[in-house]
Amino acid sequence: MKTSSKVTLGYAVLAGGLLLNGELHGQQPNILIIMTDQQSADAMSNVIGNKYVNTPNMDYLAEHGIKFTKAYCPNPLCVPSRSSMFTGRYPHEIGIQDNKFGARVDPEIVPCMGRVFYENGYNTGYVGKWHLPYAGKDKNAHGFQYMGQVKDKGVDNLIAASVIGFINSESDKPFLAIASFCNPHNICEWARGDKLPDGDVGRPASPDKCPPLLPNHDPTYNETDINRDMRASIQANPQFPVGDFDEAKWREYRWAYYRMIEKVDREIGKIINGLKESGKAENTLIIFLSDHGDMLGAHNWNQKTVFYEESSRVPLIICPPGHKTQEQSDVLVQTGIDILPSICAFAGIRPPSGLPGNNIFDLLKTKRSPEYIVVSNKLSQGKNIFENRESFAPEGRMIRSKKYKYWIYNEGEQRESLFDMENDPGEMNDLAKNPAYKKELNRHRRYLNKWATKCGDPYLENNQPDKITTLN
């Protein structure tokens with residue numbers, strides 16, 4: 001589809017307010033996606049204040065956009081999350097639930113975001129961390145014609161200049177630009193005492209001046225076997241050396257994590273300023289998000305992969321062109337399947353057929369949230385890292401509804417969890433075994449069965465516990 005002089009868009013700006021399904025005359029909008037790695041949803045000063053972290057550039061985006069409070073990643077691990085986001089498919093659809101790298105999907109069957117936009121008249125560019133299921137050098141496969149400073153580590157201080165150069169390139173086409181940062185993922189190296197790939201953050205302040213432990217630092221009451229066993233296995237492994245962390249060390253961990261977020265925030269500021277100076281800001285949709293979060297010591301965990309909020313809920317801010325006011329939405333968004341159909345609708349592009357996600361702009365227009373969303377995981381990072389086990393890769397599915405969160409694993413005596421997210425946002429009290437919540441437990445089992453049937457996920461068919469077959 002070539003650029004036309006009159007494009008029907010999903011979102012336009014009128015007199016300082018929002019006109020949905022309006023029309024803009026002229027060139028199709030530019031799209032800039034800024035992505036961090038391993039940033040939890042609340043790890044911004046526009047959420048928790050600036051006593052321990054200061055993110056003026058993320059705050060600027062929040063002040064000029066819509067901040068989503070219930071956005072969840074498709075899988076709290078880099079490769080499956082990014083693969084889902086850039087294809088618009090659930091991880092189970094493309095067969096990617098772990099961190100194995102390399103070309104893993106057929107681009108003719110599962111087209112990448114870059115190819116979709118390139119074939120519809122966009123100038124496409126990608127800079128930063130890759131971890132997508134296409135060969136990075138194969139531009140015909142993924143569709144990103146400009147590939148600037150693409151590597152997995154040590155790239156953050158090179159991204160802004162590369163992205164700005166792409167934005168300023170001579171072209172009469174609109175652009176799709178991806179700025180994919182590594183931080184605060186460097187917290188993984190920090191925990192191991194390794195050199196930080198994207199630059200040192202200094203020595204922590206004294207523990208009493210570091211951020212306090214999270215209120216949900218202790219393990220969950222009645223937690224599943226898998227969560228308990230996984231924590232013990234991780235804490236005994238040198239790749240995740242937090243088993244001996246005391247309160248002081250956990251507080252230093254949080255201090256270092258926030259410094260990494262401030263580092264990446266400064267780089268984001270350079271891109272925002274460069275976009276303004278280019279003269280293209282008024283016709284550019286900006287989306288800011290992360291691929292997944294970090295546990296930050298919640299329930300004695302670090303890193304990701306689990307369904308707890310700190311790991312699975314992510315920041316999502318959408319800034320439509322010319323939007324001047326700060327807004328907030330609590331509609332449920334699953335960033336893996338919802339981003340691609342949304343930006344296609346915004347640009348007036350027909351998305352690949354059969355995408356399962358929602359158009360976020362339609363959700364905003366109707367103010368109707370999906371009844372539930374689904375997240376998956378596989379507690380493996382591509383290889384078995386656990387001692388005394390021939391293999392260990394439990395797989396799970398999570399349902400997030402308006403009030404509750406439910407998940408189920410394929411291993412263990414106690415496989416299911418249920419949390420009241422309104423009254424227990426820290427997920428400290430697992431209600432799955434509480435008879436008073438049997439009705440809600442069964443309701444969420446039905447949600448998952450309905451979804452699995454609709455979306456062709458064989459997970460429940462192969463791993464369903466006996467008790468889940470006796471729904472009320």
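The following questions and answers cover the sheet, the helices and the salt bridges of a predicted model.

Residues are numbered from 1 along each chain as its sequence is written, and side-chain values use heavy atoms, without hydrogens and water. In this predicted model local features need pLDDT of at least 70 and side-chain atom pairs count only at pLDDT 80 or more, while totals for chains, interfaces and linings use all residues.

Me: In what order do the 8 strands of the open sheet run?
Reply: Helices (H or I, at least four residues) and strands (E, at least two) are DSSP runs, numbered from the N terminus. Two strands pair if DSSP finds at least two bridges between them. The pairing in this sheet is mixed, and the order is 9-8-10-5-11-12-6-13.

Me: Which are the edge strands?
Reply: An edge strand here pairs on one side only. The two that do so are strand 9 (146-148) and strand 13 (327-329).

Me: Which residue in strand 12 stands opposite L289?
Reply: Strand 11 (residues 284-290) and strand 12 (residues 316-319) run antiparallel and are joined by 4 bridges. Opposite L289 stands L316.

Me: At about what angle does helix 12 run to strand 11?
Reply: Axes are lines fitted to C-alpha atoms, for helices over the stretch in contact, and angles run from 0 to 180 degrees between N-to-C directions. Contact means heavy atoms within 4.5 Å. Helix 12 (residues 335-347) lies across strand 5, strand 11 and strand 12. Its angle to strand 11 is about 175°.

Me: Across which strands does helix 3 lie?
Reply: Helix 3 (residues 78-87) runs at about 170° to strand 5. The strands it lies across are strand 5 (30-36), strand 8 (123-128), strand 10 (175-180) and strand 11.

Me: Which residue meets R82 in a salt bridge?
Reply: A salt bridge is a side-chain nitrogen of Lys or Arg within 4 Å of a carboxyl oxygen of Asp or Glu. R82 is in helix 3, and its partner is 45 residues apart from it, in the loop between strand 5 and helix 1 (45-48). The N to O distance is 3.2 Å, and the partner is D37.

Me: Are R82 and D37 buried or exposed?
Reply: Buried means under 20% relative accessible area, exposed over 50%, and partly exposed in between (1.4 Å probe, protein chains only). R82 has a relative accessible area of 0%. D37 also has 0%, so D37 is buried, and R82 is likewise buried.

Me: In the salt bridge of K270 and E267, which residue counts as buried?
Reply: The two side chains meet at 3.2 Å, N to O, and the residues are 3 apart in helix 10, about one helical turn. K270 has a relative accessible area of 44%, so K270 is partly exposed. At 11% relative accessibility, the buried one is E267.

Me: How is helix 7 oriented to helix 10?
Reply: Helix 7 (residues 156-167) and helix 10 pack at an angle of about 15°, with their axes 9 Å apart. Angles under 35 degrees count as roughly parallel, over 145 as roughly antiparallel, 65 to 115 as roughly perpendicular and the rest as oblique. Helix 7 is therefore, relative to helix 10, roughly parallel.
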